[in-house]
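Hi,

Here is the structure I promised to pass on. Have a look at it first, and then read my notes below.

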Amino acid sequence: AVSLEKDGNIWHLGVHIADVSNYVQENSALDREALKRGTSVYLADRVIPMLPRVLSNGMCSLNAGEDRLALSCIMIIDAKGNVVDHQIAETVVNVDERMSYTSVKKILEDRDEAECERYHDLIPMFELMKELSHILRERRHRRGAIDFDFPEAKIILNESGEPVDIKAYDRNVATKIIEDFMLVANETVAEDYFWQEIPFLYRVHETPDEDKMKKLVTFLQNFGYTMHMQGGQEIRPKEVQKLLDKIEGTPEEAMISRLALRSMKQARYSPDNDGHATQYYTHFTSPIRRYPDLQIHRIIKDNLRGRMNDAKRHHYEKILPEVAMETSSLERRADEAERETLKLKKVQYMRNFFGQEFEGVISGITKWGIYVELPNTVEGLVHVTNMTDDHYDYDEEHYQMIGSHHRKTYKLGQKVRVKMIDCDEISRTIDFRLVKERKEEREDG
């Protein structure tokens with residue numbers, strides 16, 4: 001839940017998170033099972049929750065008009081978006097209204113009459129939230145934090161679980177407001193506990209993979225963009241953010257954003273605060289679906305209740321490295337499962353388009369062929385054995401395919417036309433064949 005008041009140029013923002021740790025005691029059967037799962041898993045057609053639904057949809061659900069136990073981070077924020085003071089406290093929250101993202105978007109963006117009428121009393125607060133969200137986003141931007149704002153694929157399924165459409169799932173004004181408020185709460189909690197020198201779990205990013213970054217730079221050059229690699233090896237987050245600004249609103253924005261994100265090293269949990277794009281970061285806001293959040297809620301409550309003695313410190317110092325390692329690994333497993341089910345549903349969807357032609361962009365090149373991504377985020381392979389107009393060699397240094405006789409080249413980012421020729425649900429792969437442009441056919445003919 002979020003609450004907001006404005007007093008002159010000062011904002012009072014409250015981010016209130018259901019107190020899951022009150023119901024999931026350390027080392028209980030519930031806790032051991034939650035740690036074994038590590039996270040809730042969001043597949044294309046179902047959710048496998050970390051904790052039982054009786055908690056997530058019941059006692060730990062901040063339902064309107066009901067008193068609920070919470071952990072709150074209440075921040076005082078100045079006109080430039082700096083958190084100048086804050087308090088982390090155990091609270092009881094009673095929600096006025098349970099809103100949906102769609103509803104808030106209808107009010108703030110679409111000015112929908114029926115929605116505006118229904119939530120008339122809350123509109124001034126929503127307008128303030130939109131204003132503060134923009135200030136917080138601008139501050140992060142100035143600091144060089146990376147904001148990947150691209151549409152993700154949302155697969156529409158029918159009642160039988162079969163995919164009937166693939167749409168871009170866009171972030172709107174409402175999702176951005178909640179995202180910005182969660183980010184500032186996570187940063188505030190992380191910084192507080194870092195300076196208190198209390199054993200804690202942080203969310204950290206390592207330096208991006210050098211080889212992936214070089215590929216990304218080559219890909220960008222084919223689109224006419226440049227990116228400065230420091231010392232020829234490292235790319236600063238600010239450089240990535242500059243690039244995202246340049247491509248905003250262009251047709252290639254979604255693809256370049258996705259490739260830039262893939263080039264970054266995956267974030268992980270760590271008891272040491274080293275190397276996040278922001279200086280201090282943790283996961284405080286989702287204890288119902290992420291074990292690290294649940295773990296730090298226990299630490300915060302022990303501290304707030306004056307129980308953080310030497311024995312407790314020693315206990316947390318002992319268990320946190322393993323919790324960090326375990327939950328990072330389980331998060332990767334969940335991500336992989338999510339990706340694989342999306343791939344499967346995309347293959348099932350594309351079965352309906354055998355023999356049809358599509359415009360796409362070359363998103364990857366390897367010695368066995370070129371990967372082409374369609375506007376709906378479906379990716380398929382044009383295998384070298386299906387590139388029959390020449391013998392093609394992979395130029396590894398420049399990430400391109402070159403025909404040995406006609407010297408025709410295929411580069412990352414190049415637009416191509418492809419025909420769907422095969423797909424396999426077991427291996428979750430889609431095969432394309434390149435379609436000759438009409439001009440080329442005339443020349444050949």
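**What I found**

Let's start with one spot in a sheet: His 12 has Ile 76 in E5 as its bridge partner. That contact belongs to a set of eight bridges joining strand E2 (residues 10-18) to strand E5 (residues 67-77), and the two run antiparallel. Strands here are DSSP runs of E with at least two residues, helices are runs of H or I with at least four, and both are numbered from the N terminus. Two strands pair if DSSP finds at least two bridges between them.

Before going on, two notes on the source. This is a predicted model, where local features need pLDDT of at least 70 and side-chain atom pairs count only at pLDDT 80 or more, while totals for chains, interfaces and linings use all residues. Residues are numbered from 1 along each chain as its sequence is written, and side-chain values use heavy atoms, with hydrogens and water left out.

**The sheet and its helices**

Back to those strands: E2 and E5 sit in an open sheet of four strands, ordered E1-E2-E5-E6, with antiparallel pairing. At the edges are strand E1 (2-7) and strand E6 (83-94), each pairing on one side only. From one strand to the next, the twist averages 20 degrees. (Axes are lines fitted to C-alpha atoms, for helices over the stretch in contact, and angles run from 0 to 180 degrees between N-to-C directions.)

Helix H5 (residues 123-143) lies across E1, E2 and E5, and runs at about 85 degrees to E1. H6 packs on the sheet too, touching E1, E2, E5 and E6, and its direction makes about 105 degrees with that of E6. Contact means heavy atoms within 4.5 Å.

**Aromatic rings**

Rings of Phe, Tyr and Trp (its six-membered ring) pair if their centres lie within 6.5 Å; planes under 30 degrees apart count as stacked, over 60 as edge-to-face and the rest as tilted. How many aromatic pairs does that rule give? The count is nine. One of them is the tilted pair of Phe 194 and Tyr 280, at 5.2 Å centre to centre with 50 degrees between the planes. Phe 194 lies in helix H6 (residues 173-196) and Tyr 280 in the loop between strand E10 (268-270) and helix H10 (291-304), so this pair ties together parts that are 86 residues apart in sequence.

Are these two buried or exposed? Phe 194 has 30% relative accessibility and counts as partly exposed, whereas Tyr 280 has 10% and counts as buried. (Buried means under 20% relative accessible area, exposed over 50%, partly exposed in between, with a 1.4 Å probe and protein chains only.) Ring pairs also link Tyr 193, Phe 194, Trp 195, Phe 200, Tyr 202 and Tyr 280 into a cluster.

**A covered helix and a helix end**

Helix H9 (residues 253-263) is mostly covered, with nine of its 11 residues buried. Among them are Met 255, Ile 256 and Leu 259.

Asn 222 is in helix H7 (residues 210-222). At 32% relative accessibility, Asn 222 counts as partly exposed. Leaving aside residues up to four places away in sequence, Asn 222 touches Lys 411 and Leu 412.

**The whole protein**

Zooming out, the protein has 12 helices and 18 strands. Its C-alpha trace spans about 80 × 55 × 45 Å along the principal axes. Of the 445 residues, 46% count as buried.

Enjoy exploring!
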